[in-house]
Amino acid sequence: MKVVLENLTKRFPNRNKKGDDVIAVNNFNFEIPDGQLIGLLGPSGCGKSTTLNLISGLETPSSGRILFGEDDVTRLPPENRGVGLVFQNYALYPHLTVLENILFPLQNLRGADKLSKEDMLKRATEAARLVQIDGLLERKPSELSGGQQQRVAIARALVKMPRVLLLDEPLSNLDARLRLQTREEIRRIQQETGITTIFVTHDQEEAMSISDMIVVMEAGIVQQIGKPQDVYDDPANLFVAKFLGTPPINVFEGRLSGGRLMIGQEAVLSVPGAPDGIVWAGIRPEGFIPAADGEFTCDLNRVEVMGRDISVVCHHEKCAGAQIRAIISAESRPGDGAKTVRFRLKPRKVLLFDHESGARIPFEVK
Amino acid sequence: MTGKKNNNLKGWLYLLPAILFLGCFLVYPLIDVLIYSVEEGYNSASQTYTGIGLYNYSYVLRDPYFLQAVKNTFLLVIITVPLSTGIALLISLGLNAIKPLRKLYQTIYFLPYVTNTLAVGLVFMILFKRTAYTDGLVNLMLRWFGAGPVDFIDGPYWAKMFVLCFYTIWVVMPFKVLILTSALASVNPEYYAAARMDSTRSFRVFYKITLPMISPMIFYLVITGFIGAFKAYSDAVALFGTDLNAAGMNTIVGYVYDMLYGSSGGYPSFASAAALILFAIVLTITVINLMISKRHVHY
């Protein structure tokens, strides 16, 4: 099912009655193609959960429209939208067994949709098999691990065959190992069912690793929509660049003059086509190449060995963060006792942003 | 080993005040009641008795006043416990559903709890009692419908029982409403959101989600309600005066009191036997309650 969000806006009245309304979601436009896995990504308080609640119908938009396929569902209550929602804390009914939890939505069906007991049981066990909990049907939620509870919650959302599946922070209650495993599970389940799925997360790695498309939000405003790799390589602004990537991008205060990027006194890169002025220059950790004749000199702090790669931690007076982190291959490790390290920069890994607005400044890469 | 022994001794020492206190005022009287109840022909003045046996029990069980008291108590329990819990649940659901003026309504529903018993008795008097000057407010209202007048205080049995039940329900209601509103408020709203997503009808939400979630609190109210109603006495006195046997409205605890100190009193053996019969009844009912709850209460 295609999901269309048109000028979607949600205002909450300010607690302080004289204050302005809080705009949680501001003019959100997005057409989600059928059968895709979409990651809604942003720091906490950016409006991503509100967006999810608007799609589910638990919140009503202040203005704008929501369409599932050709149906306008903006004014439909959640029970009539055909949406499956997996809550952050799963919201499994603690007094019901796993099977009873999964059966619950089916037992609500009325009229023409009403199922016989055997059909219900068949669909519930199918959903349980899909998420691989068919051995746990007689247990109570309290007797399950976090990951198993998560699967039960997904099965309960899937069993009524929703048009759209929504997941609110699906991995935030799991430990690191389970998180890796479960996110692949979510991808597998989504591909097997082909249901358009939207999930919310503040973890960029999670969103990037399984989504077909990611939506980066901040302060209620969509910053960028695109395929994970495209958004990473080609961020629209400084916020998106800083939000995506571990370790995070290194940001320097730089100057453009005569088509060259100056950081401090050094001309570190030629950037044809960019106008002169003060800029923020972001360099991805993988954008540094150690070289004796490199243009960019940094003071070396320490070297951290990670096996395949090493992480070179340095500092520079023009760096906006506390330290610079460069990921280089283990062979090109700087010599012991070195006080400084010199780098050449990969032009594709250097991103320029306007000093005032943070908007991206493009330049030609040869 | 000595260290362990020392610790044991210390432990007993810490427990000593509680053991002494409970022993003096709980265990000793309990045993004493048991002894009194089997001493036949006990005379409290000379502290003598004629023999040991179960005569006291058979006397009490054949005493028409006791049988009347048992009937009254059981009627009171069977009527007031389910009704008061049910009405309290309805009121709490209502309170939980409204937003404006909720605090005001909560205060109003809680007022009976902090009101003096004598004042409440006076109010009920004005409502129900017939005097030489007036038939009482309730009878005035009954007349609008062409019924009555009924003497609720000195009249037929059902009228008196109605007033007693009404009074009891009204008195125990505030506490139950308080407990149930807080129980309802503590149900995680996510469950309701989840139920809403699955288009659950509101009755099913109540029956399948709300009720199981607050079942421990309902169970607590039912158990304490049963025990409280079995121990009822002061309510009947407040309404019908101290000579409850004459009014036919005595309760088991009232019977025990009358046997000890009433105008026909001075029989601690009969009182003890009646008290132990009450104890057996309450114990049985509570055990049955616990057995039923195992299947229906979700912790």
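The domain assignment divides chain A into domain 1, covering 3-236, and domain 2, covering 247-361. The structure is a predicted model. Between the C-alpha centres of domain 1 of chain A and domain 2 of chain A the separation is 39 Å.

**Overall architecture of chain A**
- The C-alpha trace of chain A extends over about 75 × 50 × 40 Å along its principal axes.
- Chain A contains 8 helices and 21 strands.
- Of the 366 residues in chain A, 39% are buried.
- Among the contacts in chain A with a separation of 6 or more, 65% are between residues 24 or more positions apart.

**Contact between chain A and chain B**
- On the chain A side, 15 residues are in contact with 13 residues of chain B.
- Strand S6 (83-86) and helix H2 (98-107) of chain A are the elements that each contribute two or more residues to the side touching chain B.
- This side of chain A comprises 9 nonpolar, 4 polar and 2 charged residues.

**Hairpin of strands S9 and S10 in chain A**
- Strand S9 (residues 213-218) of chain A pairs with strand S10 (residues 221-226) of chain A in the antiparallel sense, and the pairing runs over 5 bridges.
- Within this pairing, A:Val216 has A:Gln224 of S10(A) as its bridge partner.
- The hairpin formed by S9(A) and S10(A) has 2 residues between the strands.
- In the turn, A:Ala219 adopts a positive phi of about 50 degrees.

How values were computed
Residues are numbered from 1 along each chain as its sequence is written. Chains are lettered from A and ligands numbered from 1 in the order in which they are written. This is a predicted model: local features need pLDDT of at least 70, side-chain atom pairs count only at pLDDT 80 or more; totals for chains, interfaces and linings use all residues. Domain bounds come from an automatic or database domain assignment. Two residues are in contact if their C-beta atoms, placed from the backbone, lie within 7 Å. Helices (H or I, at least four residues) and strands (E, at least two) are DSSP runs, numbered from the N terminus. Ala, Val, Leu, Ile, Met, Phe, Trp, Tyr, Cys and Pro count as nonpolar, Asp, Glu, Lys and Arg as charged, and the others, Gly among them, as polar. Two strands pair if DSSP finds at least two bridges between them. A residue is buried if 20 or more other C-beta atoms lie within 10 Å of its own, exposed if 12 or fewer, and partly exposed in between; C-beta atoms are placed from the backbone.
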